Amino acid sequence: MTCDLTLRDVRSVARIVNLAHRFNCRTTQIAVQADTTVIARFAFDGPDVALGRLRAQIDRIMSYEADLT
């Protein structure tokens with residue numbers, strides 16, 4: 001699973017990596033460009049159920065960040 005995200009807080013990158021570990025998913029790629037916003041590209045590998053749960057949590061983080069604007 002790959003995710004291209006635009007984040008407001010660079011700490012969200014660490015949150016997402018920690019979530020992947022918690023759901024037993026392996027982070028296979030991270031590319032981050034931090035300026036006034038953070039552009040991040042992640043690639044994860046793992047069981048489909050775990051990837052689905054991870055994606056749901058990433059969507060929650062994105063929703064929270066959208067509420068901050």
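Predicted model: local features only at pLDDT ≥ 70, side-chain atom pairs only at ≥ 80, totals over all residues.
Local features were considered at pLDDT of at least 70 and side-chain atom pairs only at pLDDT 80 or more, whereas totals for chains, interfaces and linings use all residues. Residues are numbered from 1 along each chain as its sequence is written, and side-chain values use heavy atoms, with hydrogens and water left out.

A search of the whole structure for disulfides, defined as pairs of cysteine sulfur atoms within 2.5 Å, returned zero. The sulfur of Cys3 has its closest cysteine sulfur in Cys25, at 10 Å, which is too far for a bond. Cys3 is buried, at 1% relative accessibility, and Cys25 is likewise buried, at 8%, where buried denotes under 20% relative accessible area, exposed over 50%, and partly exposed in between (1.4 Å probe, protein chains only).

Five salt bridges were counted, a salt bridge being a side-chain nitrogen of Lys or Arg within 4 Å of a carboxyl oxygen of Asp or Glu. Arg41 is partly exposed, at 34%, while Asp4 is exposed, at 55%.

Within helix H2 (residues 48–67), Asp59 and Arg55 are four residues apart and therefore separated by about one helical turn; their closest N and O atoms are 2.9 Å apart in a salt bridge. Asp59 is partly exposed, at 38% relative accessibility, as is Arg55, at 28%. Salt bridges with shared partners also join Asp9, Arg11 and Arg15 into one network.

How values were computed. Helix = DSSP H or I, 4+ residues; strand = E, 2+ residues; numbered from the N terminus.
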